[in-house]
Amino acid sequence: MKKITIAIDGYSSCGKSTMAKDLAKKIGYIYVDTGAMYRSVTFYALRNHLFNADGSIKEEELKAQMDKIKISFQLNKATGRPDTYLNGENIETEIRTMEVSSHVSIIAALPFVRTALVEQQQQMGAEKGIVMDGRDIGTVVFPHAELKVFVTASAEVRAQRRYDELKGKGMDADFNEILKNVQERDYIDTHRETSPLRKADDAIELDNSNLTISEQQQWLYDQYCKVAQS
């Protein structure tokens, strides 16, 4: 099998991170959750009071502090999956809250944030043998990736998955609030000026609305085998 770059893009809460993590673990590749990177910047901004009362971001202040934001991933031996670290602190749980979810698209739309994180992502994937998921991996970060996948599912299905995930972690969750957040994020992600969410011309689309996790995993593994063996 030749070593390749695998780019997985798609809408929020469509299960692409779970698919990507499981594939990386199975084939021994490095996995990078770029959504967690944008969530980390969002968490940093919330913690450091960089949002105005109306929900807008104090752009100049955040821009001046971007070089202080160091994001890394470390394998959690208990889960077998990577946890997200911000300046050496494990923030995996903190970045999955609804507060972060409701602010992350605003942060991700800022050109200077995207430029900084895309540069980090490209450095991570320089040697190939990587699975990366996000919104602009196949279009901006790795436009020459050997395997590009675009994942989608209905907003209602994605909201239910997010609801179940939060409830499973013992966190408060309101389905209607989550559905509204999913729809708002879809609009912002697809309409932003810098690196909007879109399917790369050479990406394979997967609508997983009615697929089980194991079916999605098998489908993705099959796509990987086709490319890596060619």
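At the start of helix α2 (residues 34–47), a side-chain oxygen of D33 comes to within 3.1 Å of the backbone nitrogen of G35. That is a polar contact, meaning a pair of N or O atoms within 3.5 Å; within protein, one must be able to donate a hydrogen and the other to accept it, and residues adjacent in sequence count only if both atoms are side-chain atoms. Helices (H or I, at least four residues) and strands (E, at least two) are DSSP runs, numbered from the N terminus. A word on the source: this is a predicted model, where local features need pLDDT of at least 70 and side-chain atom pairs count only at pLDDT 80 or more, while totals for chains, interfaces and linings use all residues. Residues are numbered from 1 along each chain as its sequence is written, and side-chain values use heavy atoms, with hydrogens and water left out.

Let's stay with α2. Its 14 residues should span 20 Å at 1.5 Å a residue, and the end C-alpha atoms are 20 Å apart, which agrees; the expected span is 1.5 Å times one less than the number of residues. Just after the helix, H49 takes a positive phi of about 55°. Is α2 mostly covered or mostly exposed? Mostly covered: twelve of its 14 residues are buried, where buried means under 20% relative accessible area, exposed over 50% and partly exposed in between (1.4 Å probe, protein chains only). Among the buried ones are M37, V41, F43 and L46, along with R39.

Where does that burial lead? The largest nonpolar core has 35 residues, and V41 is one of those with the most contacts inside it, together with I57, L62, I69, I107 and V113. Such a core is a set of buried Ala, Val, Leu, Ile, Met, Phe, Trp, Tyr and Cys residues joined through side-chain atoms within 4.5 Å. Helix α2 gives the most to this core, eight residues. At least two residues each come from α2, α4 (98–108), α5 (111–124), β6 (130–134) and α6 (137–141).

Now for the rings. Searching the whole structure turns up three aromatic pairs; rings of Phe, Tyr and Trp (its six-membered ring) pair if their centres lie within 6.5 Å, with planes under 30 degrees apart counted as stacked, over 60 as edge-to-face and the rest as tilted. Y11 and F150 have ring centres 5.9 Å apart and planes at 80°, so they are edge-to-face. This pair links distant parts of the chain, 139 residues apart: Y11 is in the loop between β1 (5–10) and α1 (16–27), and F150 is in strand β7 (residues 147–152). Y11 is partly exposed at 21%, whereas F150 is buried at 6%.

Y221 and Y224 make a tilted pair, with centres 6.1 Å apart and planes at 40°. Both lie in helix α9 (residues 213–228), three residues apart, about one turn of the helix. Y221 is partly exposed at 23%, and Y224 is buried at 5%.

Three strands form an open, antiparallel sheet in the order β3-β4-β5, and strands pair if DSSP finds at least two bridges between them. Six bridges join β3 (residues 71–76) to β4 (residues 81–86), with N76 partnered by R81 and F73 by T84.
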